[in-house]
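Welcome! Have the sequence and the structure open as you go.

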Amino acid sequence: MKAGEQAERKLSTAQEDYLETLLVLGAEQGGGVTLTELAGRLGISAASASDVVHRLQDAGLVERAPRGLIWLTAAGAARAERVAARHRMIKRFFTDVLRVPQEIAEDDACRAEHALHPETCARLNDFLEHLDADALEKDNTVALTLLRKGQSGTLVRIAGGHAVRIRLAGLGMRPGVHVRVLQNSGHAPVMVRVGNARVAIGRGLATRLHIALDPAQEEQHG
Amino acid sequence: MVEGKVIRVAIIGNPNCGKTCLFNNLTGAHQHVGNWPGVTVEKKTGVYEYGGQTYEVIDLPGTYSLLPYSAEEEIAERFLYDEAPDVLINIVDATNLERHLMLSGQLVGLGIPLVLALNMMDEAEQQGVRIDAAQLGQMLGVPVVPMIARRNKGTAALLEAVARLAQSGALSTAEVNYGPGVEEAIKEISSRMEGEASRIPVRERALALLRGRAACASDEGLLEQAGALRAQLERRLHDTLENYVLGRCYGFAHGLARMCVTHSTQARFNITEKLDDYLTHPVLGLVFFALSMWVTFELVFAASAPMTYVLELGVEGLRGVISAALPQGLWRSLLADGVVMGVGGVLMFLPNIMLLFLAIGVLEDSGYMARAAFVMDGIMHRLGLHGKSFIPMLVGFGCTVPAVMATRTLDTRRDRLITALIVPFMSCGARLPVYTLFISAFFAPAWHATLLLSLYVLGIVVAIGAANVLGLMFFRKDFSPLLMELPPYRLPTLRSVVMLMWRRAWMYLKKAGTLLLGASVAMWLLCSFPRDGAALADDDTQAGVTRSQFENSYAARLGRTFEPLVRPLGFDWKVAVGLVSGLAAKEAVVSTLMVVYGVEESASGRDALQDELRADPLFAGKPWVAYTLLVFILLYVPCMAVIVVFYREFGAWWTAFMTVYTTLTAWCMALCVRVIGWLAGAGV
């Protein structure tokens, strides 16, 4: 197990992409993949693809059958499956939690899946599993940072931070309270009116405040 | 109530609800009232008499709840538990009553007679908020006094209410219901605490124990039981106990507000939000910010010129009087050279300081200071700092001492320390006389402003670099998010602005009068001794003789000892002596150089010193050496007063670190500047 983990970490970004692509192409075509097909999907030349495939072969993750067809080995398939799962998980975090548009989420997930430490991935996975799926789907909240100036709504949930929740409560920011955005732009904090007070909230924190928009405004601004 | 006993009254409330103002009204204490959240960072006390009885008033730091989050709140919480006052005044903002009553909910159970000061009644009325004070008092079980602290209205009624409460010792009958689970746990703990003698009601102690305040436990077993109960509760509540309890307090406040507050349905024009549309606008806000800073600096540096001139004349006059009245000799030299010249140089700078704090007072009182922090937060955040760090840094341009103290407005130790560690790089006002002396001595007038500005900018750049390096070195993880209340805009009151100005000016003068005079006299002693017999008998005030005698003095020896250290920067022993004396206070560099160069009678000491400096082969024709020196003076360890304050705030280790790292930074930067000058072919 230990050795396996080490081997996993040694894979480069490109190698992971190859595995993932082989998995996808394999599923689409139902069998082996030619070097040309693989290179075409990755958008590179066959010559440079060959180099990486050789290395994957050395690692025992792919094998090349006669006629040059490339197959994932059992170990390679498992590895590719994990890479793909990680991709889906990160994309889900971007779309479901951060409410990033699909295309951007897809692009960013492609990049982020290679950059994250396994520990971070494990935590992210835990986070998503523990997220109440219903809450995400139904309550239709958005992060405070996504509200425009003048929009208002109800604070539904504060994600994380015990200490910060206590401080927020001290300033009147508790779940159920009604807030109106007075300023929200660029890198400046978000300014909201809560009760009869104005509170400035740093952007990092503001993304953790989930707001249910007032119905009238949802229609207005779509 | 025992006759002759001093009754202790504490004032508690959210930041920015007029606490300090009320404190001033009660005690007449000369204290600053600002509009910046957290202005009251220290425990302040005062005394008043009412009906033949003496009362001691303690102004507690602003606190949002008794569940401490910041250093200020910890002070307030600990005070209430450990040093029970006889009466507690809870001041609340009538315009935002519900939120303020949440704190009241946590106070009613403490077992301290409580009076509610309902402040800002005028603003509430303007906003169409009507409060039924009698109903509120009945429901809360405490006297309620409506008032307008800014206009000193309602103070008499409050004094009377406090006096009556001190007599009767009546406690509030209201209590927050913490919900079935918590209430049962409290009962369980309470039953085991019965019989323990304590001022704090058993219910409150039981809750504190549940929350993990070990000090409330009489034995280990009880503490363990409380811990187990808490864990059980939190699993059931799906929440931390603190958060849940706070939620119940919130419910309590909400209930009170619903019964006692009515809002007029009419929509009112909100001047604060209209102004904020522009003043915190992403673009216009920054423009206005830059403009306000520019006005501040113009006010401080241009408007003070005539006043400085008048002071200069006065000091010259005094010096003339002393020279004429006293016979030539040691005493005349001490008074005229040591005392008058030393303190004179300090006084010259007083107008700057007064105008600076006049400006800061207006910024704070008007409510703009918090907006400045708001518009700057985006930028400051990327520099690894907090929007709130901006205030100490801005104050740092006036004086590093209050700036280090102002770091207390920041919420976490990380932010406080990083800000305090970089604040010394903000060029304080005391460094200005040194800059102007050298810049006007060595550079053409057209360059003065640019060079002066370059020093300020360099300080800021170094500070930003230091903030990031320090952040990476010591405080990788805990970055606290910005979270602050923006007070409404108000017209600054003349009284509080002028009070602030006088306080700061007085602080500066006191520092000048003691530390600087001491430093100046000490320097004079070091420069005048050892003296040979001839000099004693026939003290000649001719510069040449004094200087030849000076070459032999302790000061010169001290300077020579340090010379090898500053030699790589292109300085000599005379400069080293000045730098050493700058430890006493940076402005002392000027007065020391006057003594070192033996500057004597002339129309103006500064002009004479400038002539001497220009004639010195060290600087002659080499203005870049002067600029290198200014860079060093900008960055090296600030005065002893800063070291003392820093020690009090952050302890010995960090003080030692601050002293060493600022000086090392200064040395490296000065060397860089010298090398750059050398590469550019400037005279070095």
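**Exercise 1.** In this predicted model, work out how strands 4, 5 and 6 of chain A are joined.

*Solution.* 
- Step 1: Begin with strand 4 (residues 152-158) and strand 5 (residues 178-183) of chain A, which run antiparallel and share 3 bridges.

**Exercise 2.** Describe chain B as a whole, using its secondary structure, its burial and its contacts.

*Solution.* 
- Step 1: Count the elements of chain B: there are 30 helices and 9 strands.
- Step 2: Turn to burial. Chain B has 684 residues, and 48% of them are buried.
- Step 3: Consider the contacts in chain B between residues at least 6 apart in sequence; 72% of these join residues at least 24 apart.

**Exercise 3.** Which residues touch the most other members of the largest nonpolar core?

*Solution.* 
- Step 1: This core holds 203 residues, and the ones with the most contacts to other members are Val115(B), Ala117(B), Leu210(B) and Leu630(B).
- Step 2: Ask which element gives the most to this core: helix 29 (residues 623-635) of chain B does, supplying 11 residues.
- Step 3: Check for a separate core. Another one, of 16 residues, lies apart and includes Leu22(A), Val33(A), Val53(A) and Ile70(A).
- Step 4: Zoom in on Val115(B). Beyond the neighbours within four places in sequence, its contacts include Val87(B), Ile89(B), Val142(B) and Leu165(B).
- Step 5: As background, nonpolar side chains in soluble globular proteins tend to be buried together.

**Exercise 4.** Why does Leu451(B) count as partly exposed?

*Solution.* 
- Step 1: Find Leu451(B) in helix 21 (residues 445-474) of chain B.
- Step 2: Recall that a buried residue needs 20 or more other C-beta atoms within 10 Å, while an exposed one has 12 or fewer.
- Step 3: Leu451(B) has 18 other C-beta atoms within 10 Å, so it is partly exposed.
- Step 4: See what surrounds it. Setting aside neighbours within four places in sequence, Leu451(B) is in contact with Ile439(B), Phe443(B) and Tyr627(B).
- Step 5: Finally, compare Tyr435(B), 16 residues away along the chain: its C-alpha atom and that of Leu451(B) are 9.0 Å apart.

Note on methods
Residues are numbered from 1 along each chain as its sequence is written. Chains are lettered from A and ligands numbered from 1 in the order in which they are written. This is a predicted model: local features need pLDDT of at least 70, side-chain atom pairs count only at pLDDT 80 or more; totals for chains, interfaces and linings use all residues. Two strands pair if DSSP finds at least two bridges between them. Helices (H or I, at least four residues) and strands (E, at least two) are DSSP runs, numbered from the N terminus. A nonpolar core is a set of buried Ala, Val, Leu, Ile, Met, Phe, Trp, Tyr and Cys residues joined through C-beta atoms within 7 Å. Two residues are in contact if their C-beta atoms, placed from the backbone, lie within 7 Å.
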